[in-house]
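Dear colleague,

Please find the sequence and structure below. My findings follow them.

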2 protein chains.
Amino acid sequence: MQRNARLVPQRKRYLFVCVNRRPDGTPKGSCAAHGAVEIHAALKSELAARGLVKTEVRPCTSSCLDLCWAGPAIAVEPDGYFYGRVTLGDVPEIVASLERGDRVERLVLPPNDFDEKTSAPSLPLPLKAPS
Amino acid sequence: MQRNARLVPQRKRYLFVCVNRRPDGTPKGSCAAHGAVEIHAALKSELAARGLVKTEVRPCTSSCLDLCWAGPAIAVEPDGYFYGRVTLGDVPEIVASLERGDRVERLVLPPNDFDEKTSAPSLPLPLKAPS
């Protein structure tokens with residue numbers, strides 16, 4: 001069984017998806033309020049389906065990356081760039097890009113987004129289903 | 001006020017301290033059972049005291065890094081190395097090293113530690129205080 005004989009290595013990449021949740025109505029927002037938990041789950045599921053999680057990319061969650069206003073935010077390491085304003089609809093493109101070894105440029109946060117005062121606008125909050 | 005005028009940048013480094021907790025007695029162990037939550041808090045406090053958190057190093061927590069047997073584990077990014085078997089007593093040395101821009105070699109996990117089958121032994125579990 002070659003699969004079992006191969007040792008589990010350090011992955012080529014680690015994703016750190018911020019899943020911090022702030023109270024509803026916090027002005028700067030939070031990644032979880034914009035669906036980050038679901039985005040992490042979708043990344044995990046999609047990467048596993050493609051057989052990438054044991055060698056290529058490990059999808060982790062993280063505490064606050066100090067990018068609340070530009071969330072959902074994901075640190076892509078060791079490349080050292082951050083995706084921001086990620087939606088569930090972006091997951092297939094992110095995974096395909098990871099598989100190719102390149103990145104989704106439109107989602108990469110530029111320097112101004114690292115400061116709340118100079119950041120581009122936040123994503124609108126998702127509509128809540130009636131309870 | 002120069003401090004307020006300076007924009008918050010992407011940090012030079014991000015620490016991802018695994019704080020995953022598995023049920024007591026799980027053979028492969030878990031980072032939280034070895035004090036990872038306290039280690040993250042100490043790193044945060046020490047880095048803040050040295051004025052490093054807004055520009056140099058952001059200490060975050062993460063979900064499981066798949067290094068349970070070699071924990072507490074910390075991903076140091078974007079450098080792309082992992083510290084393992086970290087104790088609270090190692091925190092001052094780690095912070096001093098981050099400030100200098102080098103690393104604590106004795107704590108850096110070698111490739112064999114990324115697989116449970118070839119890893120060096122885990123740290124002993126801390127003694128519990130009588131309740």
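**How the two chains meet**

In this predicted model, 26 residues of chain B are in contact with 26 residues of chain A, where contact means heavy atoms within 4.5 Å. Residues are numbered from 1 along each chain as its sequence is written, and chains are lettered from A and ligands numbered from 1 in the order in which they are written. Because the model is predicted, local features need pLDDT of at least 70 and side-chain atom pairs count only at pLDDT 80 or more, while totals for chains, interfaces and linings use all residues; side-chain values use heavy atoms, with hydrogens and water left out.

Between them, chain B and chain A bury about 2,300 Å², 53% of it on carbon and sulfur atoms. Buried area is the accessible area (1.4 Å probe) that two parts lose on being put together, summed over both. Gln10(B), Asp66(B) and Phe114(B) contribute 21% of the area that chain B buries against chain A, more than any other three residues.

Chain B can be superposed on chain A by a rotation of 180 degrees with 0.0 Å of shift along the axis, at an RMSD of 0.0 Å.

Across the same interface, 10 residue pairs are in polar contact, both residues at pLDDT 80 or more. A polar contact is a pair of N or O atoms within 3.5 Å; within protein, one must be able to donate a hydrogen and the other to accept it, and residues adjacent in sequence count only if both atoms are side-chain atoms. Strand 1, strand 2 (57-62) and strand 3 (74-77) of chain B each supply at least two residues of the side that touches chain A. Strand 2 of chain B gives the most to that side, with four residues. Helices (H or I, at least four residues) and strands (E, at least two) are DSSP runs, numbered from the N terminus.

**Asp66 and the loop around it**

Asp66(B) forms a salt bridge with Lys54(A), with the closest N and O atoms 3.6 Å apart. Arg11(A), Lys54(A) and Asp66(B) are linked in a network of salt bridges. Asp66(B) is found in the loop between strand 2 and strand 3 of chain B, and has a positive phi of about 60 degrees although it is not a glycine. Asp66(B) is buried, with a relative accessible area of 8%; buried means under 20%, exposed over 50% and partly exposed in between (1.4 Å probe, protein chains only).

Pro72(B) is found in the loop between strand 2 and strand 3 of chain B. The peptide bond from Gly71(B) to Pro72(B) is cis, with omega near -5 degrees.

**Inside the chains**

Tyr83(A) and Tyr83(B) touch the most other members of the largest nonpolar core, which has 72 residues. Such a core is a set of buried Ala, Val, Leu, Ile, Met, Phe, Trp, Tyr and Cys residues joined through side-chain atoms within 4.5 Å. Leaving aside neighbours within four places in sequence, the contacts of Tyr83(A) include Pro72(A), Ile94(A) and Leu107(A).

Arg13(B) lies in strand 1 (residues 13-18) of chain B and is buried, with a relative accessible area of 18%. Its side chain is joined to that of Asp79(B) by a polar contact of 2.8 Å.

Over all chains, the salt bridges number 24. One of them joins the side chains of Arg106(A) and Asp90(A) (2.7 Å, N to O). Arg106(A) lies in the segment after helix 3 (91-100) of chain A and Asp90(A) in the loop between strand 4 (81-83) and helix 3, so the pair ties together parts that are 16 residues apart in sequence. Arg106(A) is exposed at 53% relative accessibility, whereas Asp90(A) is buried at 8%.

With kind regards

How values were computed: Least-squares fit on C-alpha atoms with pLDDT ≥ 70 in both. Salt bridge = Lys/Arg side-chain N within 4 Å of Asp/Glu carboxyl O.
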